[in-house]
Amino acid sequence: MIVNILNRYFSKQVAVVFRHGGTLDKFIGDCIMAFWGAPLDDPEHAKHAVAAALEMEQVLMQFKTELGTEAGEFDVGIGIQSGTAVVGFIGAEQKLEYR
């Protein structure tokens, strides 16, 4: 049941990330890791990340309403970090990931 709820939630929130020009990095448990400004440069990456976070909050509230009693105590936090990052294909010869 939890996996189904998370997958439904992730689908909605990843659409928000993409709508605001973000790059989906990965899922870590119940976390969505995304970033802006790579692989394509975005001089307004911080503005776009904040806009995505604000919309994600609205989507969360709508999703909790949609779940009704099924939601239980379903809740998430949204964090934003801004600054310089090193990105590229990182890993081993056997497996590289864009980070």
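I began with α2, which has 23 residues and reaches 32 Å from its first C-alpha to its last, close to the 33 Å expected at 1.5 Å a residue. I keep in mind throughout that this is a predicted model.

Next I looked up which residues of α2 are buried, and I found A49, A52, A53, E55, M56, V59, L60, F63 and L67. I noted beside this that an α-helix has 3.6 residues a turn, so residues three or four places apart point the same way. I then checked what the buried residues of α2 pack against, and the partners are α1 and β2. Just after α2, I saw that G68 takes a positive phi of about 60°.

I turned to the largest pocket, for which I have a volume of about 880 Å³. Its lining has 35 residues, of which M33, A34, F35, W36 and Q81 are the closest to the centre. The elements that give two or more residues to this lining are α1 (2-19), β2 (31-35) and α2 (45-67), and the largest share, 7 residues, comes from α2. Sorting the lining by class, I recorded 22 nonpolar, 8 polar and 5 charged residues.

Last, I took down the overall layout: the protein has 2 helices and 4 strands, which follow the pattern α-β-β-α-β-β along the sequence. The C-alpha trace spans about 45 × 35 × 20 Å along its principal axes, and buried residues make up 28% of the 99 residues. For the accessible surface I wrote down about 6900 Å², with 57% of it belonging to carbon and sulfur atoms.

Conventions: Residues numbered from 1 in each chain as written. Predicted model: local features only at pLDDT ≥ 70, side-chain atom pairs only at ≥ 80, totals over all residues. Heavy atoms only, no water. 1 Å grid on protein atoms, 1.4 Å probe; cavity = no way out; pocket = protein on both sides within 12 Å on 5 of 7 lines; lining within 4 Å. Points joined across faces, edges and corners; volume = space filled by probe spheres on them. Nonpolar A, V, L, I, M, F, W, Y, C, P; charged D, E, K, R; others polar. Expected span 1.5 Å × (residues − 1). Buried < 20%, exposed > 50% of the residue type's maximum accessible area, 1.4 Å probe, protein only. Contact = heavy atoms within 4.5 Å. Areas by Shrake-Rupley, 256 points an atom, 1.4 Å probe, with all protein chains shown as cover.
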